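Open the model in your viewer and keep the sequence panel beside it. Each stop below says what to select and what is there.

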Amino acid sequence: MEDRNRARKGRQNSGVLLLTVLIGFCILAMIEIIYGQAQIRVEKERLALEEENHQTVQELKAEWNQLKGDPNVGTETAEEAGGEQSAVIEPEKTEKVLTNTQEEASVSDNSLQMSALPVEDTKQYDMQIVFLGDSIIDSDRESGGVASLISSSCNAKVYNMAMGGTTAAMLPGEDNDFPTWDSRSLMGVVNAILGNIDPGIFDGYRAGEILRECDFSKTDYFVIEYGVNDFLTGKIYQSKYIEGGGELAVDATHTYAGALDAAVTQLHAAFPDAGILIIAPHYCQFYNGETFVGDAYSLNYGYGTLVEFARTAGNVAEQYKEDHVFFYNAMEESGIDAYTADKYLKDGVHLTAEGRTAYAEYASRLIKADFYPEE
């Protein structure tokens, strides 16, 4: 009897255990169903948000495309200089780059308008520098560029008016009559600063914005860097004066030396307290496709080698050294030469990150030595 009771009791315990297990499985199944439904709901919400964000991004792109079609928004690029190789790069334009995240897509129109307003620069600077030049200064202008590196080293407020592809001299056929002026050369930039010409020819370029932003009367230094494009055009004389006597039948501002001379003279007359640093073209190597055709010392398009253009820049600086004009002979003092070209030049002409650092380092040293003569 006791054995039968124990057997019956065992069967009851087994039934209870089985029931418990079944209940446990049911609970787990219900949890999985609830969790799965929650996941489905979250996924639906995510997909709906993505669709909403995609729609917003498309609307923003459509608005931007309409803006680009506005004649007030610049879209032109600088004309390539002639020759087998050009130092031309497209100048930095004033187009705004739209980056859209889920958070940005949901920002109100008022917030977008506020974010477009310029942020006031409250940093205290030791000096103000205005750069006039070509793509050597125009390249990588936001970070790691020559102008920004000099800005950091000298604690300088910088206004970079450089434009890739431009020359110091006016090109053949460009008229120097103020009412019809259309040259974006060094002479064009200087005359725009002085208010002699319509600045509208710089619309769409950062230089056009700076003409409205900068108080040039506060400038401590103008940095003038041109020469590679003047050389590469194969159309610009170094000077109108012929060695041994005589003159060429060409206006001085259509020559490299004449343009530098006129720029220095006009800037010094308008801003007598500002120093002027003239930077000579640096060492370059030139290629026709993959074929090496010469370097700064050997290639000559009929108007002299690049080294001779560099010496011309030095001659102009020497003439005006009593007017606070000084010279950076980048051809010989930047550390860029035939031995370091692979390290410092990325295409034979433009500077690598290391090249920009070396180039800017020496320029900064010259400016600081002039600004802090007692140190």
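Helices here are DSSP runs of at least four residues and strands are DSSP runs of at least two, numbered from the N terminus. The model is a predicted one.

**The whole chain**

Start with everything shown. The chain holds 13 helices and seven strands. It has 375 residues, and 42% of them count as buried.

**Stop 1: strand E1 and glutamine 128**

Select residues 127-133. This is strand E1, and glutamine 128 sits in it. Is glutamine 128 buried or exposed? Its relative accessibility is 9%, so glutamine 128 counts as buried. Show the side chain of glutamine 128 and follow it to the backbone oxygen of aspartate 215, at 3.1 Å. Then display the neighbours. Leaving aside residues up to four places away in sequence, glutamine 128 touches Lys157, Tyr159, Cys214, Asp215, Phe216, Lys218, Thr219, Asp220 and Tyr221.

**Stop 2: arginine 141**

Arginine 141 has 12% relative accessibility and so counts as buried. What does the side chain of arginine 141 reach? It reaches the backbone oxygen of alanine 162, at 3.0 Å.

**Stop 3: helix H5 against helix H13**

Select H5 together with helix H13, residues 353-371. A pair of packed helices is described by the angle between their axes and the distance between the axes. For H5 and H13 the angle is about 45 degrees, and the axes are 9 Å apart. H5 is therefore oblique to H13. The crossing of these two helices is right-handed.

Now show the side chains where they meet. H5 contributes Val146, Leu149, Ile150, Ser153 and Cys154. H13 contributes Arg356, Thr357, Tyr359, Ala360, Ala363, Ser364, Ile367 and Lys368. Colour the contact of H5 with H13 by residue class: eight are nonpolar, three polar and two charged. While looking along the helices, recall that an α-helix has 3.6 residues a turn, so residues three or four places apart point the same way.

Stay on H13 and pick alanine 353, which is found in this helix. Alanine 353 counts as partly exposed because its relative accessibility is 46%. Alanine 353 and glycine 144 are 209 residues apart in sequence, yet their C-alpha atoms are 6.9 Å apart in space.

**Stop 4: asparagine 155**

Return to H5 and step into the loop between H5 and E2, where asparagine 155 is placed. Check its backbone. Asparagine 155 is not a glycine, but has a positive phi of about 50 degrees. The relative accessible area of asparagine 155 is 19%, so this residue is buried. The cut-off for buried is under 20%.

**Stop 5: helix H7**

Select residues 206-213, helix H7. Which residues of H7 are buried? They are Ala207, Gly208, Glu209, Ile210 and Leu211. Display what surrounds them: the buried residues of H7 pack against strand E2 (156-160) and helix H6 (186-193).

**Stop 6: helices H9 and H10**

Select helix H9 (residues 256-270) and helix H10 (residues 306-319). They pack at an angle of about 30 degrees, and their axes are 10 Å apart. H9 and H10 are therefore roughly parallel to each other. H9 passes H10 in a right-handed crossing.

Show the side chains again. Tyr256, Ala257, Leu260 and Asp261 of H9 meet Phe309, Thr312, Ala313, Val316 and Gln319 of H10. The contact of H9 with H10 has six nonpolar, two polar and one charged residues.

**Stop 7: histidine 324**

Follow the chain on to the loop between H10 and strand E7 (325-328), the place of histidine 324. Histidine 324 has a positive phi of about 65 degrees, although it is not a glycine. With 30% relative accessibility, histidine 324 counts as partly exposed.

**Stop 8: aspartate 337**

Finish in the loop between helix H11 (330-333) and helix H12 (341-344), where aspartate 337 lies. Aspartate 337 is partly exposed, with a relative accessible area of 29%.

Definitions and conventions: Residues numbered from 1 in each chain as written. Predicted model: local features only at pLDDT ≥ 70, side-chain atom pairs only at ≥ 80, totals over all residues. Heavy atoms only, no water. Buried < 20%, exposed > 50% of the residue type's maximum accessible area, 1.4 Å probe, protein only. Polar contact = N/O pair within 3.5 Å; in protein donor to acceptor, adjacent residues only side chain to side chain. Contact = heavy atoms within 4.5 Å. Axes fitted to C-alpha atoms, helices over the stretch in contact; angles between N-to-C directions. Parallel < 35°, antiparallel > 145°, perpendicular 65-115°, else oblique. Left-handed = near helix turned anticlockwise from the far one by under 90°. Nonpolar A, V, L, I, M, F, W, Y, C, P; charged D, E, K, R; others polar.
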